[in-house]
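Reader: I am new to protein structures and would like to learn how to read one. Could you take me through it step by step?

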Amino acid sequence: MTTIVLGDQPLSFKQYESISLGNCKLSLGSLAEARIVASRSFLEAKSAKSERPIYGVNTGFGSLCNVEISPDKLGQLQTNLVRSHACGAGDYVRNEIVRLMIALKVQSFAVGVSGIRLVVVQELINLYNSGVLPVIYEQGSLGASGDLAPLAHMSLPLLGEGFLWWNGNKVTTQTFLSRSPVQPWVPCELASKEGLALLNGTQFMSAHGMYAMIHGQKLDYLSDKIAALSTVAHDGRIEAFTSGVHATRPQWGQIKTAARIYGWLDVCPTMHGEKLHVQDPYSFRCVPQVHGASKNALRHAIEVIDIEVNAATDNPVVLKAEDAIISAGNFHGQPLALVLDYTALALHEYGSISERRTYQLISGRRNLPPFLVKNPGLNSGLMIAQYTAAGIVSQNKQYCTPASADSIESSNGQEDHVSMGANAATKLVKVLDNLYTILGIELLNASQALYLREVRPSGELEALLDEFRMVCTVIDEDEFMQPKIESATEFLKSQAFSSDALLLRNN
């Protein structure tokens, strides 16, 4: 198993994917270690000689910031913080995102401004490397003051408390530590500021965002490829994808989409034959414009999230260069909240136009039977598969209501504007999950249409079709369709992340 080093340099999307899947071990880079040690040493020296209270070090939290805490209670203060803030509710956060949360929290500490001890950071890495994962809940964060409740649940096992996922079962941390043949981490007694450092930060939002960027780029690539396959299945025209058209409107995403699809279509002989129709419906002809706009949105979201996952987002900030410990607002999730909201909208659009292509394929035009089945009437074919796609698209529209437009005052008015980015994060993943199903239904329809037209694509589209038909066969008469839709969805989820899918960085 490979080891990914955190904190010394930015990671690639393939590395983040490996972290999310648990296919690696984590370690801390030597440069990151040095920064963490220096930060803690400065905080201890500064707080020892300071005559004024320092927020989060020797004061209460939130609206209790004016309550000073005696020196002998500073560790208890931090432990109490973690316990009291573990107020999660709702569904469990999926394991892939929990793994990313742990790794991104370590990366935040690696910036060297959090004032946490190296031993606590190392125990967090040991927690990841153990293979067991904290039980974290989707609800509880306002996306400002940090993702407090989710990060508290992430941190509880470091204290020997909370719950873990162990061999698929939810157990107490104490149960795991008492039964494990080796003790993968030693429960910590927190020192000054450390509970606040663990809880203050945007790692719940940014882990969801990174997860969405990995899958979003993959889904963008699959959307382009399935749209190209559907164009062949619909006996579409190639001219709308030629480079000259898009050079006249040089939107980056539009040009990239058109070039991809043209490359896949150009090698298909059927695309160069005479066509009776002079143009295709928008859902085919305008794929570069629609998919391209979503690419532009994803590209910007990647830039924002890429900065965030390598940033320090807790409070206060320990700035040795300025000889100061400063209380500020890097925990506020507004940069993430906005891009998570419109990433959901961008991903939704891939599904919206995909369902329209499915609708066109089952319409009984272009020498295809209605609902893509022999003997329509006796057979309903793929009629209701389109209903399913339409219902899911409608649900995604509902998920696209912006969470970041809302704010509710908290902590007795001290925290009077919050981002609600955590809600944007969780609904974004729901849109993403739904998109896999919508595209799976389109792929099912495209495969069936090509079978009925007795046409085969060429090159990469042919390879995709052959691979798909190995897990999802064509039909000649009505069958139980839910297993086919599920197989189509799982087929797309199983596709490896390709470097061809990258929209920003070549790594």
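Reader: Where is D314 found?

Author: D314 is found in the loop between α13 (287-308) and β8 (317-319). Helices (H or I, at least four residues) and strands (E, at least two) are DSSP runs, numbered from the N terminus. Before we go on: this is a predicted model, where local features need pLDDT of at least 70, side-chain atom pairs count only at pLDDT 80 or more, and totals for chains, interfaces and linings use all residues. Residues are numbered from 1 along each chain as its sequence is written, and side-chain values use heavy atoms, with hydrogens and water left out.

Reader: Is D314 buried or exposed?

Author: Buried means under 20% relative accessible area, exposed over 50%, and partly exposed in between (1.4 Å probe, protein chains only). D314 has a relative accessible area of 2%, so this residue is buried.

Reader: Which side chains make polar contacts with the side chain of D314?

Author: A polar contact is a pair of N or O atoms within 3.5 Å; within protein, one must be able to donate a hydrogen and the other to accept it, and residues adjacent in sequence count only if both atoms are side-chain atoms. The side chain of D314 has such a contact with that of S114, at 2.9 Å, and another with that of K193, at 3.5 Å.

Reader: How many salt bridges does the whole structure have?

Author: Side chains of opposite charge can pair when their charged atoms come close. A salt bridge is a side-chain nitrogen of Lys or Arg within 4 Å of a carboxyl oxygen of Asp or Glu. The search of the whole structure finds 25. One of them joins K295 and D220, at 2.7 Å from N to O. This pair links distant parts of the chain, with K295 in helix α13 and D220 in helix α9, 75 residues apart. Both K295 and D220 are buried.

Reader: What separates K493 and E490 in helix α18?

Author: An α-helix has 3.6 residues a turn, so residues three or four places apart point the same way. K493 and E490 are 3 residues apart in helix α18 (residues 482-493), so about one helical turn separates them. They form a salt bridge whose closest N and O atoms are 3.9 Å apart. K493 is partly exposed because its relative accessible area is 35%, and E490 is partly exposed at 43%.
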